[in-house]
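Me: I've just opened this one and would like to go through it with you bit by bit. Could you put it up, please?

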Amino acid sequence: MDCEETRDLIDGYADRELDLVSSLRVERHMQVCEDCMRTHQNLQALRCLMHDESLYFRPSARLRKHIRSSLRDEVKVERRLPLVSWRWLAAAASVALVAIATLIFVQRLKGLSAEDLVAQEVVSNHVRSLMEPRHAVDVPSSDQHTVKPWFNGKLDFSPPVENPADQEFPLVGGRLDYLGGRSVAALVYQRHQHYINLFIWPSNDAQEMAEKSTTRQGYNLVHWEKYGMEYWAISDLNETELRQFAEIIQNRLQPSS
Ligand SMILES: [Zn+2]
């Protein structure tokens, strides 16, 4: 993605209106482009400010008194009393504008990145799959030659299915899942009493991404991109073993022809 395309999408990105794939592409571009990153930071700062309580101006008692008395004066002149004096509104607006201008420079950036949002959905889908064990897999099988073809016609891509049972991560099965506004493949693996969900969908980026791990709500997550696919593994397994799982899967992946 280049700057021009990013500029077209950046408002939608800041308002979280983009689909998952576009969000990730914008985010990738911003990681390498300071200009676009700055544009986004300004948008974010403005967005935060619109929710900032300090913008709700509370007039002092003296000002209230002053306004009331000037309103009373006006009533004497006009029969119809305007609900709010325009002069007062203009004063409040300029106070708010000064506050915005000042705070834009001092406000620290908040807000969630697209990756945070994906991680959040990965956690919810993982938890949901464990709550109803019957629905954890639609195709219960440890045979990748059964699981892989099961996805035919159900997804617009063919997920790589590996079964590293010999390395103590046996495949349990697969199911369709929905993540970031699209259908994705979910493969379920087991390590002793722990389940691992591996979510797979096509990435739009040509470049690969080395694995990254994070922790959310007590779950470990590892994600990476390889050969045009995006992978998110999640489990209550400890980080070392989950990374080990991720490496085993990565090493088995073949470039799709
Ligand atoms: Zn740029």
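Me: Is Arg 243 buried, partly exposed or exposed?
Reply: Arg 243 counts as partly exposed because its relative accessibility is 28%, where buried means under 20% relative accessible area, exposed means over 50% and partly exposed lies in between, computed with a 1.4 Å probe on protein chains only. Please keep in mind that this is a predicted model, in which local features need a pLDDT of at least 70 and side-chain atom pairs count only at pLDDT 80 or more, while totals for chains, interfaces and linings use all residues. Residues are numbered from 1 along each chain as its sequence is written, and side-chain values use heavy atoms, with hydrogens and water left out.

Me: OK, and which residue does Arg 243 form a salt bridge with?
Reply: The partner is Glu 239, with the closest N and O atoms 3.6 Å apart; a salt bridge here is a side-chain nitrogen of Lys or Arg within 4 Å of a carboxyl oxygen of Asp or Glu. Both residues belong to helix H8 and sit four residues apart, about one turn of the helix. Helices (H or I, at least four residues) and strands (E, at least two) are DSSP runs numbered from the N terminus. Glu 239, at 36% relative accessibility, also counts as partly exposed.

Me: Where is Pro 170, then?
Reply: Pro 170 is also placed in the loop between H7 and E2. Its C-alpha atom is 5.6 Å from that of Tyr 189, although the two residues are 19 apart along the chain. Glu 168 has its place in that loop between H7 and E2 too, and it has a positive phi of about 65° although it is not a glycine. As background, most residues other than glycine have a negative phi.

Me: Changing topic, which residues coordinate the zinc ion?
Reply: Cys 3 (SG), His 29 (NE2), Cys 33 (SG) and Cys 36 (SG) do, at 2.1 to 2.3 Å. Donors are N, O and S atoms within 2.8 Å of the metal (3.2 Å for Na, K and Ca), and water is not among the atoms, so sites may look incomplete. In sequence, the donor residues follow the spacing C-x25-H-x3-C-x2-C. Of these residues, Cys 33 and Cys 36 are buried.

Me: Why is the arrangement around the zinc ion tetrahedral?
Reply: The arrangement is tetrahedral because the four donor atoms subtend angles of 100 to 119°, and four donors count as tetrahedral if all angles lie between 85 and 135 degrees.

Me: Back to the overall picture, how many helices and strands are there in the chain?
Reply: The chain has eight helices and seven strands, and 41% of its 257 residues count as buried. Among contacts between residues at least 6 apart in sequence, 61% join residues at least 24 apart, a contact being heavy atoms within 4.5 Å.

Me: One last thing, where is Gln 217?
Reply: Gln 217 is in the loop between strand E5 (209–216) and strand E6 (219–226), and it counts as exposed because its relative accessibility is 58%. Its phi is near 45°, a positive value in a residue other than glycine.

Technical notes:
Four donors count as tetrahedral if all angles lie between 85 and 135 degrees; four count as square planar and six as octahedral if opposite donors are over 155 degrees apart and all others between 65 and 115; anything else is irregular.
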